[in-house]
Amino acid sequence: MSKHTVTLPPAPSVAGAPGRGRRTLVRLGQALLTLWLTVTLLFAAQVILPGDRATIYLNVYEGQSVERTPEELAPINKEFGFDRPILQQYGAYLAGLAHGDLGIALQTRRPVKELITEQIGATARLTLAAILLAWLFTLAWIFSTGGRRRAVSRLGAAVEALIAGMPQYWLGLVLLLLFAVKLDWFPVVSGSTPQGLWLPAVTLALPLAGFLGQAVRAEYERALSHPHVLSSRARGTAEWRVRVVHALRPALIPGITLSGWAFGSLVSGAVIVENVFSRPGIGALLVNAVELKEFELISGIILIVSLVYVLLTFLTDWLYTVVDPRVRLHYKGSH
């Protein structure tokens with residue numbers, strides 16, 4: 001009788017503190033590199049603007065486009081350091097950012113940080129409400145249609161694809177006309193009131209829910225056929241518990257990944273939505289800054305959004321291990 005050698009697969013082991021520490025350092029390095037590249041590109045964009053920078057600043061400040069004499073430009077060049085070498089200007093720009101100095105808005109002569117601080121709260125409330133609503137819509141729809149009969153599952157996927165492709169501007173106008181103008185359930189001008197938050201939040205949440213549903217559905221239906229889920233059903237576990245406890249957690253990972261990306265999408269969507277619903281926030285501030293050519297204000301908004309995006313990337317990376325601890329497992333050797 002021949003002897004057979006059985007090679008067992010390598011056993012999983014939990015990554016220890018050194019592994020987590022290295023991963024944290026790598027993430028930190030990536031975050032710092034992203035922020036540095038953002039800051040450098042923002043500085044370069046200001047330097048390569050067509051025309052003399054002092055002339056541009058004066059024209060923006062005075063609200064007119066005229067030719068300037070060297071005598072008029074000299075005080076501006078000295079105040080902002082435009083007459084210094086580029087590397088010195090870049091160093092001063094980095095030093096200012098390190099101390100929280102985002103520059104001065106020329107039209108109002110107010111600090112950019114102050115203007116952003118006044119508006120960022122409204123956008124933060126809107127984006128947070130949109131993400132929460134998007135997840136509620138996604139989970140309710142997945143539970144209702146995921147892993148059901150083929151026709152129901154296909155209908156669920158088709159609806160997700162449909163709402164994911166809805167333009168936010170068109171969707172916002174439809175919701176505004178239907179629920180604010182026709183039914184009078186919500187104010188036409190949202191302003192900063194709690195009641196005025198719902199329609200803008202739903203406008204942002206519905207397309208995001210479509211994307212989240214597309215990402216979660218495939219993993220959720222795959223998880224329902226995993227051995228531990230089937231064995232749980234065989235033991236007589238209640239169906240709702242099987243679907244929520246055993247199948248949902250591993251299926252959430254793609255959605256969590258998208259949630260980190262979604263912040264940038266929601267902020268860009270807020271530019272449209274805040275204007276459709278006449279709502280204050282970063283989006284409205286950015287549109288106004290572009291119209292007035294307030295380059296310092298535009299750069300400050302982009303930098304703040306980038307910083308928050310990097311922080312949310314760290315948060316989603318941590319949520320992986322909270323939602324599904326198996327993410328922490330790594331295998332020694334090759335499969």
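Close-up 1. At 36% relative accessibility, Glu72 counts as partly exposed, a label for anything between buried (under 20% relative accessible area) and exposed (over 50%), using a 1.4 Å probe and protein chains only. Glu72 sits in helix H3, residues 70-80; helices here are DSSP runs of H or I with at least four residues, and strands are E runs of at least two, numbered from the N terminus. Skip the neighbours within four places in sequence, and Glu72 is in contact with Leu58 and Glu67, where contact means heavy atoms within 4.5 Å. Thr55 is 17 residues away from Glu72 in sequence, with 8.8 Å from C-alpha to C-alpha. A word on the model: it is predicted, so to speak of local features takes pLDDT of at least 70 and side-chain atom pairs count only at pLDDT 80 or more, while totals for chains, interfaces and linings use all residues. Residues are numbered from 1 along each chain as its sequence is written, and side-chain values use heavy atoms, leaving out hydrogens and water.

**Close-up 2. Helix H5, end to end.** H5 covers residues 112-145, 34 residues in total, and should span 50 Å at 1.5 Å a residue; its end C-alpha atoms are 48 Å apart, which agrees. The expected span is 1.5 Å times one less than the number of residues. At Gln119, H5 bends by about 35°, the bend being the angle between axes fitted to the seven residues ending there and the seven starting there. After H5 comes Gly147, with a positive phi near 70°.

**Close-up 3. Aromatic pairs.** Searching the whole structure turns up three aromatic pairs. Rings of Phe, Tyr and Trp (its six-membered ring) pair if their centres lie within 6.5 Å, and planes under 30 degrees apart are stacked, over 60 edge-to-face, and the rest tilted. Phe43 and Tyr90 make a tilted pair, 5.3 Å centre to centre with 55° between the planes. This pair links distant parts of the chain, 47 residues apart: Phe43 is in helix H1 (residues 17-47) and Tyr90 in helix H4 (residues 86-98). Phe43 is buried at 8% relative accessibility, and Tyr90 is buried too, at 16%. Phe179 and Trp185 also form a tilted pair, with ring centres 5.7 Å apart and planes at 40°. Phe43, Tyr90 and Tyr93 belong to one aromatic cluster.

**Close-up 4. The largest nonpolar core.** This core has 34 residues, and Leu208 and Tyr220 have the most contacts inside it. A nonpolar core is a set of buried Ala, Val, Leu, Ile, Met, Phe, Trp, Tyr and Cys residues joined through side-chain atoms within 4.5 Å. H5, helix H7 (168-182), helix H8 (198-223) and helix H11 (248-276) each give two or more residues to this core, and H8 has the largest share, with ten. Beyond its neighbours within four places in sequence, Leu208 is in contact with Ile131, Ala134, Trp261, Ala262 and Leu266.

**Close-up 5. Salt bridges.** The structure holds three of them, each a side-chain nitrogen of Lys or Arg within 4 Å of a carboxyl oxygen of Asp or Glu. Arg110 bridges to Glu114, with the closest N and O atoms 2.6 Å apart, and to Glu118, at 2.4 Å, so that Arg110, Glu114 and Glu118 are linked in a network. Glu160 and Arg217 meet at 2.7 Å, N to O. That pair joins distant parts of the chain, helix H6 (residues 150-164) and helix H8, 57 residues apart. Glu160 is buried at 3% relative accessibility, and Arg217 is buried at 5%.
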